[in-house]
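This report describes the architecture of a single protein chain for a reader who has its sequence and coordinates at hand.

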Amino acid sequence: MNGKPLVYLDSAATAQKPTVVLKALSDYYLKQNANIHRGVYRLSQESTVAFEKARVVVQQFIGARYAHEIVFTAGTTASINLVASSFGKKFVNKGDELLVSEMEHHSNILPWQVLCQERGAVLKVIPLKDKGELDKGELDLEAFKKLLGPKTKLLALTQVSNTLGTVNPVTEMIALAHAAGAAVLIDGAQAVPHMKVNVVAMDCDFYCFSGHKLYGPTGIGVLYGKEKWLKELPPYQVGGGTIKTVRFSGTEYAELPLKFEAGTPHIEGGIGLGVAIDYLNSVGLDLAGAYEQELLRYATEKLSAIGGLRIIGAAAYKAAVISFVVDGLHALDIGTILDQQGIAVRTGHHCTQPLMERFGISGTVRASFAFYNTFEEVDKLVDGVIKALKMLRS
Ligand SMILES: Cc1ncc(COP(=O)(O)O)c(C=O)c1O
C-alpha cells in the first residue's frame, strides 16, 4: 500500500477474510448456485441445506435455543431497523420511552429516533459517567437505573463501543431493564469478533451483528430474537418467501424465521458467514480474544508515551480498539500521513457523533485490532504516529 506492506488496523470497520471464506463463495457459484427453499431439484435442495446449515452454525455460535430464532438480514443496521419497525408497530405508543446510551453507533440511534417521531414516544439517553479527568468512557449505571421506569418499553444498547472499545455490563443491565418490564436489544457488531457470546445466559430479547466484521462476507447479518418475540412481531418487509398462503382476501405468513426473510436472501453470504464462524471456532475465540488483549495493552502503553497524544476511552473492560486525539492536530491529517506509510486506520466520528460531542472533540484516530495483527504492526503504528506528528508540527 503506497509502496509499503499494508498494516491493516481497521478491523472494527470490516475484517479481512480468510481464504476458506473466499473459497466457499466461489465454490457456491461454481457448484451450488440455485435459489433456495423452492426447488424440488437436487441443486436447489443442496443449496437450501447449505444455507440452513449456516443458520445452525450461527445458532450454536451465540448459544441460541433454536435455529428458527436466527433471522438472516443484510447486517446490524438492517437487524436494528427490522426490530424498530416491527416492535414499534406493535408495542410502542404515545408517551412510551425508549432507552439508548450516549455511546451508540448511529445505526442504534436513528431507527429509534424515527420510531419515536412516528409514534410520539420519547428517546432517553443513558449518559457516560465522570466527565473530565476521570472520564474512562463507561456508562453511568446509577443514571441508567433512574431512567428506567414503567414507561420504558425497550433498551437498545451496544455490547462493545466501536469508538471507545468499552465493554458494557450488558447482562447486569438487561436484568435491570427486564425488572422494569422493558425488552432489550443488544448491538453485538463489535462484540462477536472478540468474545464468546451466549444470548441465553445474557437473556437479551434481540441480538444483532454483521457478517463482515466477523471475517465473513458483506451484505449478510444476523438478528437473533427470542422465539416468543419473533412470533409476536409482525413481518418487516413482505414478499416471496414470507408466506404460507396468499389470497386477495388475506395472507397467512410463514413460520419463523422465514416470516422475516422476504425475497431471495444473500445465499452465498449466509453460507460464507457459516464458514467464517467455523474458521473462527477452529482458531479459538478465547485464544484470539486473549491475544488481541495483549496487542491492546502493548499499543496502549506505547501510544500513551507519545507527548500530546490522548487516548479516548480507558474503560476497565475494553475490546481491542484504541481511539486517540493529539492536541492541536486534526485526526484526518494524522490518518493521511499514516496511509502514506501503508497503515490503514479510521479517522473521524466513527458514526458516533453524540459521543464526540460528549468528549468535546470532532473526531479521533482509531486503530482496531484483529487476531491477525502483530506486535510489529503496533510498532509500525507507533513509529508512524511519531513521524506524522513531527511532520504536522514542523
Ligand atoms: C457498534 C456498531 N453497530 C452497528 C454498526 C453497523 O454495522 P453495519 O454497517 O454492518 O450494518 C457498526 C459498524 O461499524 C458498529 O460498529
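The model is a predicted one, in which local features need pLDDT of at least 70 and side-chain atom pairs count only at pLDDT 80 or more, while totals for chains, interfaces and linings use all residues. Residues are numbered from 1 along each chain as its sequence is written.

**Overall form**

The chain has 13 helices and 15 strands, where helices (H or I, at least four residues) and strands (E, at least two) are DSSP runs numbered from the N terminus. Its radius of gyration is 22 Å, close to the 21 Å that the globule rule gives for 394 residues, so the chain is as compact as a globular protein of that length; the radius is taken over C-alpha atoms, and the rule is 2.2 Å times the number of residues to the power 0.38. Along its principal axes the C-alpha trace spans about 75 × 55 × 35 Å. Of the 394 residues, 46% count as buried, a residue being buried if 20 or more other C-beta atoms lie within 10 Å of its own, exposed if 12 or fewer, and partly exposed in between, with C-beta atoms placed from the backbone.

Among the contacts with a separation of 6 or more, 70% come from residues 24 or more positions apart; two residues are in contact if their C-beta atoms, placed from the backbone, lie within 7 Å. The domain assignment gives domain 1 (21–282) and domain 2 (284–393), with bounds that come from an automatic or database domain assignment. The C-alpha centres of the two domains lie 28 Å apart, and 22 residues of domain 1 are in contact with 24 residues of domain 2.

**Sheet and hairpin**

Seven strands form an open sheet of mixed pairing in the order E2-E8-E7-E6-E5-E3-E4, two strands being paired if DSSP finds at least two bridges between them. Its edge strands, E2 (70–73) and E4 (122–126), each pair on one side only, and the twist averages 20 degrees from one strand to the next. Helix H2 (residues 42–62) lies across E2, E7 (206–210) and E8, running at about 115 degrees to E2; axes are lines fitted to C-alpha atoms, for helices over the stretch in contact, and angles run from 0 to 180 degrees between N-to-C directions.

| Strand pair | Bridges | Opposite residues |
|---|---|---|
| E2 and E8 (residues 221–225) | four | Phe72 and Val222 |
| E9 (residues 243–247) and E10 (residues 250–253) | four | Ile243 and Tyr253 |

E9 and E10 form a hairpin with two residues between them, and Arg247 has Gly250 in E10 as its bridge partner. Of the five residues of E9, the number buried is zero, so E9 lies largely in the open.

**Helix H11**

In helix H11 (residues 331–340), the residues Ala331, Ile334, Gly335 and Leu338 are buried. They cover an arc of only 100 degrees around the axis, which puts them on the same side of H11; the arc is that of the directions from the helix axis to the C-beta atoms. What covers these buried residues includes strands E12 (321–326), E13 (343–344), E14 (346–348) and E15 (364–368), together with helix H13 (375–393). H11 is followed by Gly342, whose phi is positive, near 85 degrees.
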